[in-house]
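Subject: Handover of a structure for your study

Dear colleague,

Please find the structure below. I would ask you to keep it open while you read the notes that come after it.

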Amino acid sequence: MADSSNSLATASVQTARDSGAPRAGAAPWLLAAPALLLFCGLLLVPLLLTAVLSFHAFDGSQGVLATYTLANYAEVLGDSYYHEIFLRTAGMALAVTVLCVVLGVPETIILSRMKSPWRSLFLIVILGPLLISVVVRTLGWAILLGNNGLLNNALQALGIVSEPVKLVFTMTGVIIGLTHVLVPFMVISVWATLQKLDPQIEHAARSLGAPPFAVFRRVVLPQLLPGVLSGSIIVFALAASAFATPALLGGRRLKVAATAAYDEFLNTLNWPLGATVAVLLLIANIAIIVGCNRWIERRFRSVFEA
Amino acid sequence: MSTVHPRKAINMSFLTLDGLGKSFGTFSAVESISLSIGRGEFVSLLGPSGCGKTTTLQMVAGFVEPTRGRILLDGADITRERPEKRGMGIVFQSYALFAHMTVGDNVGFGLDMRNVTRGERAARIAEVLDMVRLTGLDKRYPRELSGGQRQRVAIARALAIRPRVLLLDEPMSNLDAKLREDMHVELRAIQKQLGITTILVTHDQVEAMTMSDRIAVMHGGHIVQIGSPFDAYEHPESVFASGFLGKTNVLRGTVEQLNDRCAVVRVGASVMKVPHGGRRFEGDVQLYVRPERVALTAAPDATLHGRVTTCLFLGNHWMLQIDTPLGVVRASLPNAGSPPPREGETVGVRWSDDAVRMLAENLTHG
């Protein structure tokens, strides 16, 4: 082990000298090696295999064939059934992201102004969802939101509605459940930005004649944007590829991309088609995130370069 | 307690703090501050951390609500006025610049809040940037500026709104020594040119002395002394003020006799004559002698003899510590081009009678 790493180090130094590049040494490569191996083994290789699989032909009686085809992509891209699924996924992810911004940003600001014992207590409450198994948490929501659940019983007892509001197996239910899980990511992200803000900045703005709301809108919010953006990217990506919550709260008929891919793999056993859905989900996800990121960074360049 | 110049107090007071105090629970940060500041006057609140100077400034700015007392600005009670209505320009220790705005937008922020026309906005931004010698940097972002330049932007931003009072909250503490001295001179010049009423909060006695018309020395939530820098330095009214404003030697003695102009004080084995300035002293007293008033002498009439323990060269002067029978005496000798006594040498020490200040032993506040 020691020998091989030594020779590796020598080799890389050698190449650095040969190519005439400034000598960086082998240390950075060696330090990054464990993470790099994990990344390759657990992410790149399976991803590559999935991509290859999506080009295989499939036959109902013979299974996956050794021949290559673009038919899977043609099917997914041409079928309105899949269009609907992808639009639903995008809408769901967008709604969850917007809700997380709307809930998470004020939540973080309030949290940061709390006094000592309450602050850590509520931070635990907010991060709580991450500590519970996704299945347990989602089933908990099903109990709360069900036709005979706590929420509907309360609404009926209070006379607000006469019939149960249908929440389970609806998009509303899925969005509520996902928002609950993903808000912590927004809070953590905004929290990190907020901690870097100089508290005297608000005082400065007040003294210059800005009432509290103007201080928030013109001074605090713009400086929180980088945090809100990175939080939104995490939330959007996780929401768009979420599986457990849409599967349990959305049910079999309200399919999103992740559950559709799952069904292709395990119900119709059409692996290539499932792989195609997965690959297209990934591509769409990356395209949307990178696109939004570019746009916002251009729009608010001054904030992001700080 | 605080001796206010009568003319200023009656005729010219522009900003008045009247028995101002702040308690946080049972802890009293500021006991009771009464201070009258004339229009165009530069007053420093000088004291160590925890003396209540920053809390006082925050009450004047409107960020901390006073527990007691009043603040009057130009005759109007502004004690409960919201900070954005007070029209005070504040320069913060951290500068608190808006990182997402250009220098021009930072300076123009206060003008935006006042709905100033575009033309006047541009003119006033240019005017104050010119004043702090940052002409042409209005398109830069704060991160592209040096520490000294950021400080100037902070000053320009506070001046742009033509504040009724300028509040400086330890504004120089993040600058290096050379830059700080330059800023003292420059800021003082701007303040005089604009005739703007200014309060400076600082723990740096040099800063307070170089810039202020008057210094209010604060200790334990009180003003223990107020006066011109020269008066405050030459005639400290308390043990604390004498120790905080410059360096001093403290000797403990007992009044033996009180004459017309002098008190005869026994200090250890020596007897000294100390002018009492018409005040009555008896029993135990403390005597103060500034290091720069202590001289070395070879003559036999030396006040004290002692051995030099350390000798520090500080460029324009030497600082000597001399071990005497009355304790360690510090002497500051101007550098006249010849070397001072070496460490370990025995020297005679003397000072003139009028170099000594006297305070009663039990007197802690002025």
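Predicted model: local features only at pLDDT ≥ 70, side-chain atom pairs only at ≥ 80, totals over all residues.

Residues are numbered from 1 along each chain as its sequence is written, and chains are lettered from A and ligands numbered from 1 in the order in which they are written.

Domains. Chain A is divided into domain 1 (1-53) and domain 2 (75-304); such bounds come from an automatic or database domain assignment. The C-alpha centres of these two domains of chain A are 36 Å apart. Chain B has domain 1 (6-243) and domain 2 (247-360), with 38 Å between their C-alpha centres. Six residues from domain 1 of chain B and five residues from domain 2 of chain B make up the contact between them; two residues are in contact if their C-beta atoms, placed from the backbone, lie within 7 Å.

Contact between the chains. Here 19 residues of chain A meet 20 residues of chain B. Helix 9 (200-207) of chain A gives the largest share of the chain A side, seven residues. Helices are DSSP runs of H or I with at least four residues, strands are runs of E with at least two, and both are numbered from the N terminus. By class, the chain A side holds 11 nonpolar, six polar and two charged residues. Ala, Val, Leu, Ile, Met, Phe, Trp, Tyr, Cys and Pro count as nonpolar, Asp, Glu, Lys and Arg as charged, and the others, Gly among them, as polar.

A sheet in chain B. Six strands form an open sheet in the order 6-7-8-3-9-10, with mixed pairing; two strands pair if DSSP finds at least two bridges between them. At the edges are strand 6 (88-91) and strand 10 (222-227) of chain B. Strand 7 (residues 165-169) and strand 8 (residues 197-202) of chain B are parallel and share five bridges.

One residue. Is Ala156(B) buried or exposed? Ala156(B) counts as buried because it has 28 C-beta neighbours inside 10 Å; the cut-offs are 20 or more other C-beta atoms within 10 Å for buried, 12 or fewer for exposed, and partly exposed in between, with C-beta atoms placed from the backbone. Ala156(B) belongs to helix 6 (residues 147-160) of chain B.

Yours sincerely
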